[in-house]
Amino acid sequence: MGALDHLSNMFDCSSGHSKLKKRKQLQTFHLTTRRMTVEIKIKIDCEGCERKVRRSVEGMKGVTSVEVTPKQNKLTVIGYVDPEKVVARVAHRTGKKAEIWPYVPYDVVEHPYAQGVYDKKAPSGYVRNDTQLARASSTEVRYTTAFSDENPAACAVM
């Protein structure tokens, strides 16, 4: 805080607005402390939709960069912003359903084709980001190892 700010605060005649100023200062400090990359899934049909989605977040406070990938129906916002506020603003301004990007590259997931992870709507090379995968039951393990090449007592019918 500079000397001029300190003097202006000392001689400030508005008594009711000081709490509001302090709250705004805390909010701006909170926003500027972390730079985030927010990825949002939103349906983009044409160039008009792309323009509408881009303009919905370009004027937002704290946004430094906006990238729209229409082929993947993806919006990437980089800046000092809250992800939930960005999603809410995009959904409100465009009138479209918007959600946080739910996909990760399939190389990252242990079982990319497990039930609940594989999604036909996902862009190529991506699967749904689901960390709670069901473990295989003992009967499933028993049946899969019965036909395994690594099991010496496996069934040789195949």
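In these legends, a residue is called buried when its relative accessible area is under 20%, exposed when over 50%, and partly exposed in between, using a 1.4 Å probe and protein chains only. The model is predicted, so local features need pLDDT of at least 70 and side-chain atom pairs count only at pLDDT 80 or more, while totals for chains, interfaces and linings use all residues. Residues are numbered from 1 along each chain as its sequence is written, and side-chain values use heavy atoms, with hydrogens and water left out.

**View 1. W101 and Y103 form an edge-to-face ring pair.**
Let's start with the aromatic rings. A pair of aromatic rings is described by the distance of the centres and the angle of the planes. Here, rings of Phe, Tyr and Trp (its six-membered ring) pair if their centres lie within 6.5 Å; planes under 30 degrees apart are stacked, over 60 edge-to-face, and the rest tilted. By this rule there are two aromatic pairs. In one of them, the ring centres of W101 and Y103 are 5.2 Å apart and the planes meet at 80 degrees, so the pair is edge-to-face. Y103 is buried, with a relative accessible area of 5%, and W101 is buried as well, at 8%.

**View 2. W101 also pairs with Y126.**
The centres of these two rings are 6.1 Å apart and their planes stand at 90 degrees, so this pair is edge-to-face. W101 lies in the loop between β4 (98-100) and β5 (103-105) and Y126 in strand β6, so the pair ties together parts that are 25 residues apart in sequence. (Strands are DSSP runs of E with at least two residues, numbered from the N terminus.) Y126 is partly exposed, with a relative accessible area of 22%. Ring pairs link W101, Y103 and Y126 into a cluster.

**View 3. A charge sits over the ring of W101.**
Which residue brings that charge? The charged end of K74 does, 4.9 Å from the ring centre. The rule asks for NZ of Lys or CZ of Arg within 6 Å of the ring centre and within 35 degrees of the ring normal.

**View 4. N73 has a positive phi.**
N73 is found in the loop between β2 (63-69) and β3 (74-79). Its phi is near 55 degrees, a positive value in a residue other than glycine. With a relative accessible area of 24%, N73 is partly exposed.

Definitions and conventions
Helix = DSSP H or I, 4+ residues; strand = E, 2+ residues; numbered from the N terminus.
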